[in-house]
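User: I'm new to this and would like to know where the labels come from. Can we go through a few together?

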Amino acid sequence: MQKTFIRHTFAIITTAILLIFFINFLSTLRSLENQQFNSFHAKSEQIIHTLELNQEELALLKENLDEDYLTRAKAAGYIFDRQEEISLDVEEMQYLANLLNVDELHVIGKDGKIAFGSVSQYVGYRMADHPQTRAFLALLESDNENAYLIQEPQPNAAEGKVMQYVGVARKGQKGVVQVGFKPTRQMEAQSRNTYEYIFSQFPTDTGEELYAVNKSTGAILGHSDGMEQDFTEEYYQVAQLSSCLSGAWKKDKVGHSMYVAAREYNGMFICAALPRNILFQKLFMQVFSTLLYLLIIEAVVILFLNHLVKHQVIDGIHRIMENLSSITNGNLDTLVTVSGNREFEALSHGINRMVKSITNSSDRISAIIEISGIPLAAFEYAPDMTHVFATSGLKGLLNLPEQMAQRFYANPVLFDRYIHEKMEHPLEGEHDIFQINDSRYVKIHMSESPEKHLGIVTDVSKDILEKKKMQYENTHDSLTKLYKYPHFKHLASELIQNMQPGTVCAAVMLDLDSFKSINDTFGHDAGDVYLKSFSAVLNSMPSSHFLTARRSGDEFSMMVFGCKDKTGIAKCLDTFYQKLGESPVALSPADTKIISASSGFAWTADPNTKLEELLSHADEALYEVKRNTKGCYGEY
């Protein structure tokens, strides 16, 4: 372990020395002028980008405002065109201008004068007297009723104040409707597009200057410190700036050197200048930064040595403790693999052998349970465990696929949710027996405490299936698979008692016609076929409206329920007889017969009606049908 520490220490010191020389080499090669030129170039890119964005914004603003102003002018024209003869005083025109949200509103007559408007001193003004107003006379001369004119913002003829006017030709008569706007938004946008404003928005280093020079005239278009200076220095002159496109040193007015970088754009030079002493300050900062790098490297070396000891010793101990905690919490699959020195490797190997021995003991218990042949499985888990202890037979009893079982065993929270969901729905009439699938029933007994949960699962499928078989045999006729008559009466009584308001139900008694002659003619086996075929039709009726049973011999019973009225009952019986007529029975290879059955029904809408009374009335209706017609149903 000591040799390992010395070897790593030597490697760290050697790496630190090489790193110091490498940083010093990079600092020497770094070109201060190129660095500053790149900085200037980046700022010029931002300035150009800002200029282009502002120009686009100004163009888009003008387009949107022109469209909006034209729409208001057309709206004003529409108002005046609705009335061929109209004369409004100044106050009324001012009111209308406010409604249209315009600053001025004028109507120019066919004589080229302002007939009336929202500004009193403009009324009677001749449009031909000034170039600004004269442009709108073209609308009077045009034959196009949709003609319009949008002027650029400019001083108006009457007062010299900056306004933008929009005019549209009147329809149906000669004249022009003119609206005027104060171009506040355009002027604000234009003010943001000046070089003076843009330079003022860019941060500059101490002593740094940003400026723009017209290539043709040599005029200073903008300066980051304002325009109140004479700009006679060498680095402001156009003839000198052509040599600064890649960066160059120029003199200021007192003979000090300035590093100047220029860039051509749209007929001008965009320039940046920085005094030499500021650059030297940056150089001193870089030298200081190199010293700071050395101090940082020294700190890094110390920290790295500390990290090395921690990694080689302390972290190994912590990992062993974490693995032991995981094993203690039940995750016996945890493998302790702490390397780095022989002592930790030997300790890891010993812990893994101990855990394997415990796991083998658990597997032996599972094997003993399997050998015993008892369909039994057990499990254990706790809130703070990361694994579920389970005997090998558990996944088989719970019918869990291998992948799902492994996922549950590796997540006690997930397994707890699964087992409690299973236990939410016990088998009807049972307390701790639960159905896994159609053929698997298990008994789950759990002991739960804050510390841990223990459970035992036993296969009780054989007992439950035998019990269900006995229940079926007690309630169903063996030949026809219909309910036995006593069980039918129990269910029918519940149906009557639980009738929904607004519904009716009916008891139906049925009797096969001429069944004795079928037995006498074709034999009892054919008679059984005849009975089973009739029962199959009964069983096929929808359980939402029919409850069927064999009373005795060739006598059967039905309960028709869930109908709104007697007509609904009749429809159900019609459906039954229709299906009966569509189900012929082969009594012999040469003889096929349509089943004939007589029935009588009695119905009620009262949930307090006694079933025996209803069955008795249905019997009377059946006897009446048997005496008269047969093969159909009759009502009591």
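User: How many salt bridges does the structure hold?

Analyst: There are 20 salt bridges in it. Heads up: this is a predicted model, where local features need pLDDT of at least 70, side-chain atom pairs count only at pLDDT 80 or more, and totals for chains, interfaces and linings use all residues. Residues are numbered from 1 along each chain as its sequence is written, and side-chain values use heavy atoms, with hydrogens and water left out.

User: Why is arginine 72 called partly exposed?

Analyst: Buried means under 20% relative accessible area, exposed over 50%, and partly exposed in between (1.4 Å probe, protein chains only). Arginine 72 has 21% relative accessibility, so it counts as partly exposed. Aspartate 68, at 30%, is partly exposed too.

User: And which residue forms a salt bridge with arginine 550?

Analyst: That's aspartate 477, at 3.2 Å, N to O. The pair links distant parts of the chain, 73 residues apart.

User: Why does arginine 550 count as buried?

Analyst: Its relative accessibility is 15%, so arginine 550 counts as buried. Aspartate 477 is at 14%, so that residue counts as buried as well.

How values were computed
Salt bridge = Lys/Arg side-chain N within 4 Å of Asp/Glu carboxyl O. Helix = DSSP H or I, 4+ residues; strand = E, 2+ residues; numbered from the N terminus.
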